[in-house]
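Let's take a walk through this structure together, one piece at a time. Have a look at the picture and keep it beside you as you read.

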Amino acid sequence: MTPSVPLDGTAKAIVEQLQEDGRRSYAAIGRAVGLSEAAVRQRVRTLTEAGVMQIVAVTDPLQVGFARQALIGVTTDSDTRLVAQTLAALDEVTYVISTAGGFDVLAEVVCEDDEHLLDLLNSRIRAISGVRSTETFVYLKLHKQKYDWGTR
């Protein structure tokens, strides 16, 4: 998939600067990439509005009151895209991908506790039209979570 805005070397450098530190000032980024503060601000606005990147605070769910995180493998018997869209609309779902292999869709969820996860699975995910089966992989411990892989 081609990005909706061109990613030249400067845009990639800006993304990498923000991956290292999302609070880095536009002035500091400008010095690192050779642009003015205003030019960096405009480039960041363009990249975020185009959906190329987001600037967010990444947390450890356990430390902010969400004791249960899981990956749910979903097998469908209908249009996988519709199931993925429906899953993506659920507040607890943080990540959705269509896959090839044993599952049609994978969805990462963050829940307050096991009861919340059970309710989400039984009342909402398994009730989605086209969901044939699910398999839940409960996270026991978060060992690594990084988002600084750079650009290509």
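Start just after H2, where Gly34 takes a positive phi of about 80°. Helices here are DSSP runs of H or I with at least four residues, strands are runs of E with at least two, and both are numbered from the N terminus. Before going on, know that this is a predicted model, in which local features need pLDDT of at least 70 and side-chain atom pairs count only at pLDDT 80 or more, while totals for chains, interfaces and linings use all residues. Residues are numbered from 1 along each chain as its sequence is written, and side-chain values use heavy atoms, with hydrogens and water left out.

Now step back into H2 itself, residues 26-33, where Ile29, Gly30 and Val33 are buried (buried means under 20% relative accessible area, exposed over 50%, partly exposed in between, with a 1.4 Å probe and protein chains only). They cover an arc of only 105° around the axis, which puts them on the same side of H2; the arc is that of the directions from the helix axis to the C-beta atoms. What's covering them? H1 and helix H3 (37-49) are included in the cover.

Gln17 has 16% relative accessibility, so it counts as buried. Setting aside residues up to four places away in sequence, Gln17 touches Arg24, Ile29, Ala32 and Val33, where contact means heavy atoms within 4.5 Å.

Next, the sheet. It's an open one of four strands, in the order S2-S3-S1-S4, with antiparallel pairing (two strands pair if DSSP finds at least two bridges between them). At the edges are S2 (93-98) and S4 (131-138), each pairing on one side only. S1 and S3 run antiparallel and are joined by seven bridges, and Val74 stands opposite Val105 in S3. H4 packs on this sheet and touches S1, S2, S3 and S4.

Finally, what about the nonpolar cores? Each is a set of buried Ala, Val, Leu, Ile, Met, Phe, Trp, Tyr and Cys residues joined through side-chain atoms within 4.5 Å. The largest has 18 residues, and those with the most contacts inside it are Ile72, Val74, Leu87, Val109 and Leu117. S1 (68-76), H4 (80-88), S3 (105-111) and H5 (114-125) each supply at least two residues of this core. Apart from it lies another core, of eleven residues, including Val15, Ile29, Val33 and Val44.

Key: Axes are lines fitted to C-alpha atoms, for helices over the stretch in contact, and angles run from 0 to 180 degrees between N-to-C directions.
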